[in-house]
Amino acid sequence: MTNEDLKIKITELLPAAAFDEGGDPTAIGFVTVNVDAAEWKTFSRQLHFDEALQFDFLNFLTCIDYKTHLTMVYHFDSYTYHHNLVVKIKLDAAKP
């Protein structure tokens, strides 16, 4: 699956998904998607269990403190299909 195919599939699963084309140096070459915190639980299950995606490995997890908010950053890999995805979730710093 190419990065463009991955974007199409993610948009089918989560029409509100916003792709980050900002050049994050930790995500060069990966599709990066911003997901609303309220949608995260359902979306994460879709990433794992959808037959076309099968993201079965959490490669990297971190949280960035921007003082005004927090951003969780997940790097997922699929051993089956060898594609990668970065998911970012913006959280309220006072009540993450």
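Biologist: Which residues do ring pairs link into a cluster?
Modeller: This is a predicted model, and a search of the whole structure turns up 5 aromatic pairs. Ring pairs join some residues into a cluster, and its members are W40, F55, Y74 and F76.

Biologist: What is the centre to centre distance in the aromatic pair of F55 and F76?
Modeller: The planes of F55 and F76 stand at 55 degrees to each other, and the pair counts as tilted. The centre to centre distance is 6.5 Å.

Biologist: How many residues apart in sequence are the parts that the pair of F55 and F76 ties together?
Modeller: F55 belongs to the loop between α2 and β3 (57-65), while F76 belongs to strand β4. The pair therefore ties together parts whose separation in sequence is 21 residues.

Biologist: Is F55 buried or exposed?
Modeller: A residue counts as buried under 20% relative accessible area. F76, its ring partner, has 12% and is buried. F55 has 3% relative accessibility, so F55 is buried.

Biologist: Where is S78, in which loop?
Modeller: S78 has 2% relative accessibility and so counts as buried. Leaving aside neighbours within four places in sequence, S78 is in contact with L53, Q54, F55, D56 and H83. Its place in the chain is the loop between β4 and β5.

Biologist: In β4, which residue is the bridge partner of L61?
Modeller: β3 and β4 pair in the antiparallel sense, over 8 bridges. The bridge partner of L61 in β4 is Y74.

Biologist: Which residue takes a positive phi in the hairpin of β3 and β4?
Modeller: This hairpin has 3 residues between the strands. The positive phi is near 70 degrees, and the residue is K67.

Biologist: How many residues has the largest nonpolar core?
Modeller: The residues with the most contacts inside this core are V33, F43, L47, L85, V87 and I89. At least two core residues come from each of α1 (3-13), β2 (31-34), α2 (40-49), β4 (69-77) and β5 (84-92). The number of residues in the core is 21.

Biologist: With which residues is V33 in contact, leaving aside its neighbours within four places in sequence?
Modeller: V33 is among the residues with the most contacts inside the largest nonpolar core. Beyond its sequence neighbours, V33 is in contact with I10, A17, A18, F19, F43, L85, V86, V87 and K88.

Biologist: Over the ring of which residue does the charged end of K7 sit?
Modeller: The charged end of K7 is 5.9 Å from the centre of that ring.

Terms used: Residues are numbered from 1 along each chain as its sequence is written. This is a predicted model: local features need pLDDT of at least 70, side-chain atom pairs count only at pLDDT 80 or more; totals for chains, interfaces and linings use all residues. Side-chain values use heavy atoms; hydrogens and water are left out. A nonpolar core is a set of buried Ala, Val, Leu, Ile, Met, Phe, Trp, Tyr and Cys residues joined through side-chain atoms within 4.5 Å. Buried means under 20% relative accessible area, exposed over 50%, partly exposed in between (1.4 Å probe, protein chains only). Helices (H or I, at least four residues) and strands (E, at least two) are DSSP runs, numbered from the N terminus. Contact means heavy atoms within 4.5 Å. Rings of Phe, Tyr and Trp (its six-membered ring) pair if their centres lie within 6.5 Å; planes under 30 degrees apart count as stacked, over 60 as edge-to-face and the rest as tilted. A charge sits over a ring if NZ of Lys or CZ of Arg is within 6 Å of the ring centre and within 35 degrees of the ring normal. Two strands pair if DSSP finds at least two bridges between them.
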